[in-house]
Amino acid sequence: MANIIQIVKDRFGDLVLDSHSQHGDDTVIVNKNSILEIMQWLRDNEATNFNFLMDLTAVDYLGKGKDMRFEVVYHLYSLENNIRLRVKAGVTEEDATINSLAPLWKGADWYEREVYDLYGILFIGHPNMKRILLYEGFEGHPLRKDYPIDKRQPLIGPDN
Amino acid sequence: MPTEQDSRMEFGSEPMVLNMGPSHPATHGTVRFLLKLDGEKIVHLETEIGYLHRGFEKHCENGTWTQAFPYTDRLNYNSAMQNNVAYAMSVEKLLGIEDKIPERTKYIRTIICELARMCDHYTNLAAAGLELGALTAFLYLVEGREKLWDIIEEICGARLTSNYVRIGGLASDLPENFEEKLIATFEENKVFYDEFDQLLTHNRIFIDRMRNVGNITAEDAISFGFTGPCLRAAGVEYDVRKANPYLAYAEMDFDVPVGSTGDNYDIYLIRMEECLQSERIIRQCLKKMKAGPINIDDPKIRQRSKEDISNEMESMIFHFKNQISGIQVPAGEAYVATEGSNGEVGFYLVSDGGGKPWKCRVRPACIPLTAAMGYRCQGLMLADIIPTFDMINLIGGECDR
């Protein structure tokens, strides 16, 4: 089939900020404001048909000289076409928010809660935006690069 | 399914809130269910995880690439070898040395992955029997698993925390007479497996607890991100070993069982069949495997043997450099998908060009399965949680990382 990156570029033009196929992994970097629209198209369009949201995570590029401190990373897989695509969207520290994919995939719910828990990125439109691995009352987001590895916090019991 | 309002009118009672777990004798894995019950019927089930969170990613980011191996052991500790292999393959992809991995290593890695799958399925099936009251069946299959763990112990010196795979190779070659021992174990295990099969597979009580419990449609399973036996039980034929063959799977002849209803009994049958298929793959590997090197021939990556380190100046220098500064991995990112016992286990690694991972994310196979617990259990009876939760095979170490 045709190059998947080209298909996405043809459809979305300027919304695709960058792309690469490093190590054979097709990757597009998109504008975060259009993430919901792009993902919906990738899922429902016949040419792409990415029905699996395999993974959702974030990376903190603190001190790496990037304009946007965070990147939210989505891994998509299409069962029919047997292809994979990585979609990334940059998120700044000041405005650490992005639209939730929970309306598109049921599985996005927990993945997004985890990213919120560990990176402090808020997912707008998420039905239940609260911590998942850590407890309510934990201060900070431990996978941020400025969270010290040896920091200790008292374990507070659950509220309910 | 009746709404809350309907059933309240039917029974004239308020729903009861029940806390199940995090440490409940009838579940394996540390997870808490917050239940809203109407009589014995589940109105709402909320799953809470995180009791076993150890900061896997944070630890990996603060050690060298090689030092992450012991942490990967402790993700899914029932099939630690598979995590080792998946992680090593991801780093090798970043290094661009996938083509240079010796043939023998590929076969050995396939063997240990399948051995791990058998151990995982044996444990899961046995525990499922136990938690539904079939203690005898549990003892048979766990005995079989012990024998497999003995084999794994011979390979790497540990039963669970294997730490056997290295970047670009393996820690050591297979032990002497490995093939004979493994075949003998298979023959012994056949007895246990058959006994277990006869005790449970056609057992009326067992079937009643499993059949038509926890059904899920293919569409929902995909939406949740199910992979592995649970997805295949819903009728979706997706197995990474077939879809994107890695290691030596492309040349192996094996079948992937697929169910239709997505219920617990289908998952059970699939796991039973996969044990047999794994054995089939291992037997083919043993036939095709030839003697040869097991480590890549690149001094900057290769793990030195203890003998070389003590006797060769250069080996000692490389060993020192690789241990202190870590293997230097060029900047970039890579995702490798492998078929774990519970589904797709993928490592997404980001390197900034140094000796430590900048990001080390594992896609845990059992997170989507656990997330769907509330959805699958709604409207079932309280006791149905046990088989449903059993068959997703939640491993706390992998789920909570």
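Mentor: Ground rules come before anything else. Residues are numbered from 1 along each chain as its sequence is written, and chains are lettered from A and ligands numbered from 1 in the order in which they are written. The model is predicted, with local features needing pLDDT of at least 70, side-chain atom pairs counting only at pLDDT 80 or more and totals for chains, interfaces and linings using all residues, while side-chain values use heavy atoms, leaving out hydrogens and water.

Trainee: How many helices and strands are there in chain B?

Mentor: Chain B has 18 helices and eight strands; these are DSSP runs numbered from the N terminus (helices: H or I, at least four residues; strands: E, at least two).

Trainee: What describes two packed helices?

Mentor: The angle between their axes and the distance between the axes. Axes are lines fitted to C-alpha atoms, for helices over the stretch in contact, and angles run from 0 to 180 degrees between N-to-C directions. Take helix 5 (residues 103-131) and helix 7 (residues 178-200) of chain B: the angle is about 25° and the axes are 13 Å apart.

Trainee: Are helix 5 and helix 7 of chain B roughly parallel or roughly antiparallel?

Mentor: Roughly parallel. Under 35 degrees counts as roughly parallel, over 145 as roughly antiparallel, 65 to 115 as roughly perpendicular and the rest as oblique. Among the residues that meet are Leu115(B) in helix 5 and Phe186(B) in helix 7 of chain B, where contact means heavy atoms within 4.5 Å.

Trainee: And what about helix 5 and helix 12 of chain B?

Mentor: Their axes come within 9 Å and cross at roughly 155°, so helix 5 and helix 12 of chain B are roughly antiparallel. Including Glu114(B) from helix 5 and Arg271(B) from helix 12 of chain B, that contact has 13 nonpolar, four polar and six charged residues. Ala, Val, Leu, Ile, Met, Phe, Trp, Tyr, Cys and Pro count as nonpolar, Asp, Glu, Lys and Arg as charged, and the others, Gly among them, as polar.

Trainee: Now chain A. What is the order of the five strands in the open sheet?

Mentor: The order is 1-2-5-4-3, with mixed pairing; two strands pair if DSSP finds at least two bridges between them. Strand 1 (16-20) and strand 3 (52-60) of chain A are the edge strands, each pairing on one side only. The twist averages 20° from one strand to the next.

Trainee: In which sense do strand 2 and strand 5 of chain A pair?

Mentor: In the parallel sense, over four bridges. There, Val30(A) stands opposite Ala89(A).
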